Amino acid sequence: MDRLNNPARLMIVSDLDHTMVDHHDSENLSLLRFNALWEANYRHDSLLVFSTGRSPTLYKQLRKEKPMLTPDITIMSVGTEITYGNSMVPDNGWVQFLNQKWDKNIVMEETRKFPELKLQSETEQRPHKVSFYVDKDKARDVMRALSELLEKRGLDVKIIYSGGMDLDILPQGAGKGQALAYLLKKFKAEGKLPNNTLVCGDSGNDAELFSIPDVYGVMVSNAQEELLQWHAENAKNNPKIIHATERCASGIIQAIGQFSLGPNTSPRDLKCSSECKMEDTNPGHEIVKFYLFYERWRRAEVENSDQSLEKLKAVCYPSGVFIHPSGVERPLHDCISAMKNCYGDKRKSLRVWVDRVSSAQISSDTWLVKFDKWELSGEEWQCCMTTVILRSRAASLSDGFTWMHVHQTWLEGSGAKDQTNWLF
Ligand code: GLC
Ligand code: MG
C-alpha cells in the first residue's frame, strides 16, 4: 500500500454486511455518517480496509446498491482474496500461501456425503473457499464430522459458521484474521505498521479478527449470537474489545470515540458548519462540509435564506470559475445564485457524498483537491470526478478556505440524464 508515506494514523478493518452496511436502514444514514467522518477526518492519513465474506462478484453488486466508500484494501471471500486500491490489484503472494494442504476437489467430494449441506451459488465458490447453507441445529454435528473426514484425506482446513446459516470451508491459513495478520506483517516489514487498528464485525467469520494481538475491536450492537458466544468464551476479559450499543456503522463511530482513536463527530451530526472544531479544518473537511450544505439545501433541511447563499459566495473567489461536466464554464458566483431556484427541489430524495478525497499542497497557501462526488436521487446514481483548487484565507488553516476553481467530468457511464439538474 503506497498511498501513504507514513504509518497510517488509524486502520479500520470492517466487515460489510450488517457491520459497515445496515440492510435494515433503507436511508443508509449510519453509512453516510461514517462516510462523511472518514473523508473529512481520516482519508488523508489513515487506511480503510473492507473484509467481507462476499466474492468479488457479490462485493461489486453491493457497491452498486449502497453508498459505500472505496477502501484502500479489499479482503474478499472470507479472507481468501486480497486486493489493493480502486483497481483491485490482487496479492498473488497470498494466493500462493493458501495452496498449502488444500485441494478443492477433495473438499467437493467429501461434502457430497452430507445431504444437510446445500451448495451456495456458483459465484460464491472460489479457488480457496467452498460455501454451503446449513440449518442452525445441524451445523455443529456436520462441522465436526466433516473436519474429521477432511483431516483423514490429508487436508488442513478451517470450517466457519456465520449468520446462523452459512458454512464456509477454507484452507487453514486463510480467514479474515489470517489475512489481517498477513497485512500487518507486510506493513511492519515496510516500517509502516498503523498506529492503531480497529476491527469491526457482526458474525462468525469476523471472530478471528478479534483475536489478532494489539488491535481494538467493536462488535456492533446487532452482532450475531455466534460471535457474542465466541467472545464470551475466548476474549471476555480483553478491554480492547467492546460490544457497541449502536448498530452497524454507528457502532464503529461509537468505538472510535470510546477508544479515543481520533475525531468521532461526523460532519453529518452537526447542524451547521460553524459547530466544527478548528482542529478539524483540512481540505477534505471543507469539501465534505460544502456538499453537505448542498444536499441539505436541495432537501430543504437548512433555512431558505439569501444570507446562507451570500455566505457561500463569500468563500468563493470573485472571478473563480466552475467547469460543469457538460463542458460549460460559469463564474462560481453565478452557480451559487442559481441554487436559489433549487431550494427543496429534491426533498427527501437526494443524498450526496464524496469518496477518495485526496489533496496536494501546490504552494504555501493553495491545495489541489481531487475526489469523486456522488449523487443518489431516487434510483438514479451519478458521479463526477471533481478537482477543486482551495486557498487558505489567512496564515492559519483554521480561518477556512476560499474556493478558487472547480472542474468536473462524468465518471465513465455515469452521465446525468438531465444535466441541468446537476448543479455542483
Ligand atoms: C457472504 C458470502 C458467502 C459466505 C458468507 C459467510 O455472504 O457471500 O459465500 O458463506 O459471507 O462467510
Ligand atoms: Mg457481516
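The tour below goes from the domains to their interface and then to the ligand.

Before clicking, note that this is a predicted model, in which local features need pLDDT of at least 70, side-chain atom pairs count only at pLDDT 80 or more, and totals for chains, interfaces and linings use all residues. Residues are numbered from 1 along each chain as its sequence is written, chains are lettered from A and ligands numbered from 1 in the order in which they are written, and side-chain values use heavy atoms, leaving out hydrogens and water.

**Stop 1: the domains.** Colour domain 1 (11–92 + 174–267), domain 2 (101–171) and domain 3 (270–421) separately; these bounds come from an automatic or database domain assignment. The centres of domain 1 and domain 2, taken over C-alpha atoms, are 25 Å apart. Their contact (heavy atoms within 4.5 Å) involves 20 residues from domain 1 and 15 residues from domain 2.

**Stop 2: the interface.** Between domain 1 and domain 2, about 1,200 Å² is buried, with carbon and sulfur atoms giving 50% of it. Buried area is the accessible area (1.4 Å probe) that two parts lose on being put together, summed over both. Now select V78, T80 and A174: in domain 1 they lose the most area to domain 2, together 29% of what that side buries.

Next, show the side chains of R126 and E81, which meet in a salt bridge at 2.7 Å, N to O. The term means a side-chain nitrogen of Lys or Arg within 4 Å of a carboxyl oxygen of Asp or Glu. How many salt bridges cross this interface of domain 1 and domain 2? The rule finds two.

**Stop 3: the ligand.** Select ligand 1 and the residues with a heavy atom within 4 Å of it; among them are G53, R54, L58, V78 and S131. This shell draws at least three residues from each of domain 1 and domain 2.

Finally, show the side chains of K129, D168 and N205. An N or O atom of K129 lies 2.8 Å from an oxygen atom of ligand 1, while the corresponding distances are 2.6 Å for D168 and 2.7 Å for N205.

Definitions and conventions:
Polar contact = N/O pair within 3.5 Å; in protein donor to acceptor, adjacent residues only side chain to side chain.
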